[in-house]
Amino acid sequence: MSEWREEHDGVITTRACAWSPPGCHPVSCGIVVTVKDGKLVKVEGDPEHPITQGRLCPRCLDLKEIEYNKDRVLHPLKRDPKDRGKDKWVQTTWDEALDLIEEHVNKIKQEYGPESIMVLQGTGREADSYAFSFGYSVLGTPNALFSMSGYSCYGPRTAVADYVLGAGYPELDYAAYFPERYNDPRYEVPKYIIIWGKNPLYSSGDGFFGHAIIDLMKLGSKLITVDPRVTWLAAHSEYFLQLRPGTDAIVALAMLNVIVNEDLVDHDFVDKWCYGYKALAERVQEYPPSLAETVSGVPAETIIGAARAFGSNHPCSVAWGLALDEAKNGTQAGAAVMDLIALTGNFDVPGGVTLATPSPFMSEWQANALEALGPDLWNKRAVDPEWDGFRWTFASAHPDSILRYAERGKPYPIKMCWFFGSNPVASTAFAEPDRWLNVLLKMDFNVDQDIVMTPTAMACCDLFLPLKTTIEHQGVAFPHFGTNTHLLGAMEDSGVEIGEDCKSDLEICIWAGKRLNPEAWPWDTPAEFLTDALKPLGYTYEDLQKNVVIQQEFHYKKYELGLLRPDGEQGFNTATGKIELKSTIYPNFGEDGLPYYEEPPMSPYSTPELYKKYPLILTTGARNIAMFHSEHRQMPKLREINPDPIMEINPETAKKYGVEDGNWVAIENPYGRCVEKVKVSQGILPGVVHAQHGWWYPEQKGEAPNLYGVWKSNINTLIPNEHISKMGYGANFKSTLCKITKVDSLDA
Ligand code: SF4
């Protein structure tokens with residue numbers, strides 16, 4: 001194993017793990033960074049990293065273009081609130097920035113109460129590790145959250161895993177825990193993998209290294225892909241279930257129907273470890289493949305074939321993604337997919353779907369922060385009573401509730417926002433971003449921390465704190481957002497000299513923590529903090545630094561070993577001690593305990609009158625390889641890969657609307673309008689369009705009202721902040737309605 005750092009003739013080479021910023025999920029990819037005289041020479045993949053083995057996507061390979069990008073902010077900036085929207089930023093010092101924060105935080109807390117401050121985290125960035133506890137222990141507010149309507153990113157999946165399994169979000173077993181990986185004698189290659197609503201080769205979403213699918217294909221795994229678009233993986237699948245967006249639940253229920261009726265059930269597993277099989281078996285009779293064909297458009301014989309392949313081979317696995325979350329019916333779809341895994345006995349077996357046990361990394365710090373906040377403040381969390389299901393199971397404020405609180409000033413006003421590296425006006429997160437911006441503009445004080453000026457910061461922030469990039473600071477990258485954590489990786493300061501005035505997210509937490517709540521923040525450096533946070537694992541930050549990556553201990557069949565329950569008994573940490581195929585909790589919140597299908601709230605069938613006016617199904621949010629949501633737009637090589645916002649449309653539909661490749665089109669519905677560029681593709685169903693999200697134009701004028709052109713191609717203006725499920729999870733980002741009209745240009 002090579003040293004983590006080597007230095008020869010003024011050239012420093014550092015082996016470390018990448019995370020953010022710029023953004024990425026915590027895949028913890030291995031990088032080798034070469035620096036000469038303080039200048040970044042190159043970033044390469046680390047062949048010694050056990051998971052990524054030298055492979056990197058273009059976003060890390062192109063890091064040089066963000067290091068020295070002209071748009072990077074290298075000093076703290078302040079602006080008079082009356083100048084919001086204007087480029088009247090003034091350079092300030094960190095001390096003055098802290099004075100401003102202290103002054104405003106104390107004033108707002110005194111006048112309105114600490115709950116009037118909100119902390120908004122972004123998508124998957126390192127800052128997310130600290131944002132909530134920072135809110136609790138530094139700002140003293142219970143209102144920390146991710147701002148996507150219905151908490152539709154990852155929330156439904158993690159919630160449903162909690163309800164059904166009593167465990168964290170489960171993941172495809174790709175031998176990530178084992179140093180010898182696929183050669184470990186404990187491991188078995190899955191016969192079939194279902195890729196459900198996910199494009200992991202582009203996204204490496206949720207910390208899952210997408211190219212592991214290619215590894216497994218080489219080792220013999222066959223694929224079943226469920227997606228409205230033909231992805232590379234779909235094109236290499238044995239079964240491709242190309243469904244109408246938003247109909248995932250009925251496809252999963254029809255697959256269950258086949259597995260039950262053809263008796264492809266692992267009865268030993270189900271009898272011993274599952275609750276509610278009989279009720280589920282009855283429920284799925286309502287969803288024969290023929291009905292699923294009518295609703296979803298997937299031929300019944302394809303559903304039957306896929307179900308048979310999945311049910312009669314062992315082990316099989318599932319990699320499921322955001323498309324299931326981003327729907328009102330999302331928790332039901334998620335439950336049905338988990339039931340497929342349970343009925344076929346694929347939970348926590350080699351080559352199946354691994355179950356999570358929480359990582360102890362930072363857990364003590366997080367628990368202390370919550371405890372210090374106290375129950376009275378915790379109970380003031382912004383969660384409307386209609387979403388008690390969310391309140392009692394998810395440790396966060398509810399995004400749609402806090403928007404209502406801020407708009408109405410009731411039951412209490414929201415007066416300050418701290419953006420933890422999130423760019424909500426442009427990103428995937430905010431449905432109806434204009435509504436959000438209206439309330440943000442009414443705040444007394446807004447703080448943002450990021451590497452570049454964003455439309456959100458330009459529009460409404462008063463203080464901008466400049467961040468270090470992933471190769472400029474120390475940290476810990478841990479995949480799967482801390483639950484199904486298969487490894488921890490060291491992020492490192494590689495010696496790139498960019499200026500003294502940038503800080504990391506963790507440095508900002510420590511720095512502000514020391515001023516606002518010094519007792520809770522005894523650490524002077526990130527390494528000290530991280531060493532403390534790693535203590536339960538038995539090693540220090542220095543140990544991690546030297547090893548670069550430390551894989552976690554792992555056991556299959558944890559339910560047999562008593563590792564899933566706090567009492568150490570066998571079984572699952574649910575009310576029945578079993579996997580709840582029929583939930584005993586859902587009915588308490590007015591929800592059916594068994595999975596069911598519900599039409600998307602705006603669809604040809606649920607709103608036929610609206611469909612006459614808006615006759616295309618709009619889906620959005622698929623990732624592209626060059627960009628992470630609203631980031632990377634200012635990096636020339638990446639922009640060359642994806643220069644414009646793309647709307648994909650089938651040739652037949654394109655012909656009907658008289659549009660061709662490269663034309664600009666206005667996409668409209670009753671909620672909003674935006675303009676994107678046409679890409680005609682056989683890869684999308686007739687009558688469906690997919691529009692890219694996260695677009696803004698850093699090359700354009702930043703001042704309001706233009707805000708770097710953020711309103712021009714903002715697909716989220718067409719997505720409503722309503723249509724949330726009874727439990728409070730899921731909103732319909734993946735399936736709504738629209739019409740398109742050919743226009744002359746982006747500015748039309
Ligand atoms: S997946 Fe993320 S960490 Fe890995 S190479 Fe791409 S940008 Fe870097």
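Me: How many Å apart are the C-alpha centres of domain 1 and domain 2?
Reply: They lie 35 Å apart. Keep in mind that this is a predicted model.

Me: And which stretches of the chain make up each domain?
Reply: The domain assignment gives domain 1 as 77–152 + 360–471 + 499–536. Domain 2 is 168–356 + 562–589, and domain 3 is 608–743.

Me: New topic: which strands make up the closed barrel?
Reply: Six strands form it, in the order β23-β27-β24-β26-β25-β28, and the pairing is mixed. On average, neighbouring strands of this sheet are turned by 45° against each other, with direction ignored.

Me: What holds paired strands together, in general?
Reply: Strands of a sheet pair through backbone hydrogen bonds, and they can be parallel or antiparallel.

Me: How about β23 and β27, parallel or antiparallel?
Reply: Those run parallel, and four bridges join them. Here Ile617 stands opposite Val688 in β27.

Me: And in which sense do β24 and β26 pair?
Reply: Strand β24 (residues 646–649) and strand β26 (residues 672–680) pair in the parallel sense over four bridges. You can find Ile649 opposite Val680 in β26.

Me: Back to β23. Why is it called largely enclosed by the rest of the structure?
Reply: Because five of the five residues of β23 are buried. Leu616, Leu618 and Thr620 are on one side, Ile617 and Thr619 are on the other, and all are buried, so both faces are covered.

Me: What's the phi of Asp348?
Reply: It is near 55°, a positive value in a residue other than glycine. Asp348 sits in the loop between α15 (330–343) and β15 (353–356).

Me: Is Asp348 buried or exposed?
Reply: Asp348 has 26 C-beta neighbours inside 10 Å, so it counts as buried. The cut-off for buried is 20 or more.

Me: And what about His632, what is its phi?
Reply: His632 has a positive phi of about 70°, although it is not a glycine. You'll find His632 in the loop between β23 (616–620) and α27 (636–641). His632 is buried, because 25 other C-beta atoms lie within 10 Å.

Me: Last one: is Thr93 buried or exposed?
Reply: Thr93 is exposed, because it has 12 other C-beta atoms within 10 Å and the cut-off for exposed is 12 or fewer. Thr93 lies in the loop between β6 (90–91) and α3 (94–112).

Me: How far is Thr93 from Lys742?
Reply: They are 649 residues apart in sequence and 49 Å apart in space, C-alpha to C-alpha.

Notes. Residues are numbered from 1 along each chain as its sequence is written. This is a predicted model: local features need pLDDT of at least 70, side-chain atom pairs count only at pLDDT 80 or more; totals for chains, interfaces and linings use all residues. Two strands pair if DSSP finds at least two bridges between them. Helices (H or I, at least four residues) and strands (E, at least two) are DSSP runs, numbered from the N terminus. Axes are lines fitted to C-alpha atoms, for helices over the stretch in contact, and angles run from 0 to 180 degrees between N-to-C directions. Domain bounds come from an automatic or database domain assignment.
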